[in-house]
Amino acid sequence: MRKPFTLLISALLSLSFTPSYAETKPIKDWTIAVFLNADNNLDRYGMEDQKEMAKVGSNDFMNIVTLIDREKGPAQINYIEKDNIKKIKDLGELDMGDYKEFIKFVKFIKANYPAKHYSFTFWNHGSGWRNKSEKKYFQRHFL
């Protein structure tokens, strides 16, 4: 009598841990996710880059999703389609320099855009990690 009970419990546990998206969303080969911090003088370039992504757009093979925080507006998550930028979610004002915002974005992507492979890109000036002495060293040796 113990064996059927064990099998039943095993079956129920496997069902309860099945991701909710498994049946509703197809798993694509790739999800390309871009974390665009354009809440600065890069605002127009962030919009231009999304338009460039829309030249290809998401398809049966891949998803293209961005989180963009703009200079004069709230952050939003966009699904990039062929010739279209589709707003998925407004997020309000974010501190894109806070690693916790990136972690939230990763979790959102994994839950909503399942894929065999993921590519995450940080998009910004790229110099926020430098301290003053590193910046002086860089300027002295590379500029």
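## Burial and the model

Buried means under 20% relative accessible area, and exposed means over 50%. At 16% relative accessibility, Phe102 therefore counts as buried. Phe35 is also buried, with a relative accessible area of 4%. Phe122 stands at 56%, so Phe122 counts as exposed.

These values come from a predicted model.

## Confidence

The protein has an average pLDDT of 80. Scores of at least 70 cover 70% of the residues. Among the elements, strand E3 has the highest mean pLDDT, at 96. Helix H1 (residues 2–16) has the lowest, at 47.

Over residues 5–23, pLDDT stays under 50. For this stretch the model has three contacts beyond four places in sequence.

## Nonpolar cores

The largest nonpolar core has 14 residues. Phe35, Val65, Leu67, Ile77, Phe105, Ile109 and Tyr113 touch the most other members. At least two residues each come from strand E1 (28–38), strand E2 (62–70), strand E3 (75–81) and helix H3 (99–112). H3 gives the largest share, four residues.

A second, separate core holds eleven residues. Among them are Ala38, Met62, Ile64 and Trp123. In soluble globular proteins, nonpolar side chains tend to be buried together.

## The E3–E4 hairpin

E3 and strand E4 (residues 84–92) run antiparallel and are joined by seven bridges. The two strands form a hairpin with two residues between them. In the turn, Asp83 has a positive phi of about 60°.

Ile77 pairs through a bridge with Lys89 in E4.

## Aromatic pairs

The count comes to nine aromatic pairs. In one of these, the rings of Phe35 and Phe122 have their centres 5.8 Å apart and their planes at 80°, so the pair is edge-to-face. This pair links distant parts of the chain. Phe35 lies in E1 and Phe122 in strand E5 (residues 115–123), 87 residues apart.

Phe122 also pairs with Phe102. Here the ring centres are 4.4 Å apart and the planes stand at 40°, so the pair is tilted. Phe102 belongs to H3 and Phe122 to E5, so the pair ties together parts that are 20 residues apart in sequence. Ring pairs link Phe35, Phe102, Phe105, Tyr118, Phe120 and Phe122 into a cluster.

Definitions and conventions. Residues numbered from 1 in each chain as written. Heavy atoms only, no water. Core = buried A, V, L, I, M, F, W, Y, C linked by side-chain atoms within 4.5 Å. Buried < 20%, exposed > 50% of the residue type's maximum accessible area, 1.4 Å probe, protein only. pLDDT = per-residue confidence, 0-100. Contact = heavy atoms within 4.5 Å. Pairing = 2+ DSSP bridges. Phe/Tyr/Trp six-rings, centres within 6.5 Å; stacked < 30°, edge-to-face > 60°.
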